[in-house]
Amino acid sequence: FSFLPQAACVLSVFVSLALAYEDDIEVNYSDNYYNEITEGDPTAPCKIPDLTKWDKLFSMLENSQMRENMLLQYADDIVKVEMGSLRGEMLRFVAQYGGSCGAAVETAGRRMSLQLVAKFREVLDRLNPQESKNVAATGNSAGNSNNLEMLLQQLLSATRTQTSRLTKGGHRAQDVTSQEVQGALATLRQTKTELEEVLRSSRQRYLPAGCEMALLFPMRSRRIYTSIIPDVPLSLSSFTVCLWAKPTAVLNKTVLYSYGTRRNPYEIQLLLSRTSALFTVGGEAHLVEARGVVNEPEWIHLCGTWSSKQGLASLWADGRKVASTPGVAEGHILPDGGSLQLGQERNGCCPGSPSAGGGSGSGVPGFEGGFEAKLAFPGKMTGVNMWNRVLSDEEISQMALRDGSGCEMRGNMVAWGVTEMVPHGGAQFIN
């Protein structure tokens, strides 16, 4: 109990402090409210301050902006919902029809590729025989053929590669994208364009209708022509003249085939005039003309037929009858003893002179005066034939087939590759 005196001391100190502050603390237990309603009229309304026009304008702007935000939010929600439903529909469509569409595209691409491969093979098969003939004839043409065949082989390899790609992709038809399809179609279009260019080049490079040789007239000159020496007299009441020609340039009058005598140098003429073909019998007054049939420097097949009995003259271009005129030299008989030449017309020369038999004509007075440079034919010519009758429409059409064998049809008056033809000047036979 030794600590009791100390505790009593501490307690006495606290009691004394409490008694010291008792007089200073005043407690107010009365009601004192500062928010009392003052005495007055309890029904008086609250006064609202007047709003200025700017306050009203700002309030309208705030309201309109709020409504705009609400509309935008509503539109955004609608778009999200609709896009979600559209995406679901597209996914279901792709899942349902994607396989069939991919298979159809793959089948169509493979079919196009196979057609191109077949066309390439056809062109190569067609060019190989001609190439062997050219190799036997000249080294330059063989080199050109090799280059052309190499190009065709490259195109064929590209086509086969595309075909294999399409074939390997058969089990992945559903994974075919639009970009891959467009790329394949673009490749096929490019291959088709290149094939067309190669075919166009081959048509220009090689001779038509299975012909193995041609006459080349390298330039326009009065000294360059080819004389024809028939085995039988040309005393005719009807005939057909046909030939293939590839003109380098055509003026107002370019002579292809001409037969004339001292009395009438224009008994037979097959001419070109710009884009027109002309055919005369018995003189220039009896003219048959077909316009717009010549496209230099393209090969064109021309035939002229005439019958003295009906006086009907017809002109054919590429197997089609393009012009026909009645009353042309009706009752006329072609006289024998004239001169027949290609690429020029002879006017004023003497058929009985040595030059008429195919000589060079040098030293014979008046011979060179019978030719004019502006009438000469520059270009190539092949398949020249003449019959003593009017051929049928079917015969002429078959002869004019570029890919056919028209050169095997030979005339009984003038036969290409059989009848003697003598080139003069710079004219020459080529393969």
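I number residues from 1 along each chain as its sequence is written. The model is predicted, so local features need pLDDT of at least 70 and side-chain atom pairs count only at pLDDT 80 or more, while totals for chains, interfaces and linings use all residues; side-chain values use heavy atoms, with hydrogens and water left out.

**Sheet.** I looked up the strand order (strands are DSSP E runs of at least two residues, helices H or I runs of at least four, numbered from the N terminus; two strands pair if DSSP finds at least two bridges between them). I found an open sheet of 7 strands, β10-β9-β8-β3-β12-β1-β14, with antiparallel pairing. β10 (320-325) and β14 (428-430) each have a single partner strand, so one side of each lacks a neighbour in the sheet. I then checked β9 (residues 312-317): 5 bridges join it to β10. Ser 314 stands opposite Ser 324 in β10.

**Disulfides.** I searched for cysteine sulfur pairs within 2.5 Å, the disulfide cut-off. The structure holds 2.

I took Cys 211 and Cys 407 up; their S to S distance is 1.5 Å. The torsion about the S-S bond is about 55°, so this disulfide is right-handed. Cys 211 lies in the loop between α4 (178-205) and β1 (214-217), and Cys 407 in the loop between α5 (393-399) and β13 (420-424), 196 residues apart. Both are buried (under 20% relative accessible area with a 1.4 Å probe, protein chains only; exposed is over 50%, partly exposed in between).

I turned to Cys 242 and Cys 303, joined at S to S 1.9 Å. Their torsion is about 120°, so this disulfide is right-handed. Cys 242 sits in β3 (residues 238-247) and Cys 303 in β8 (residues 300-307), 61 residues apart.

In sequence order, I read the pairing of bonded cysteines as 1-4, 2-3.
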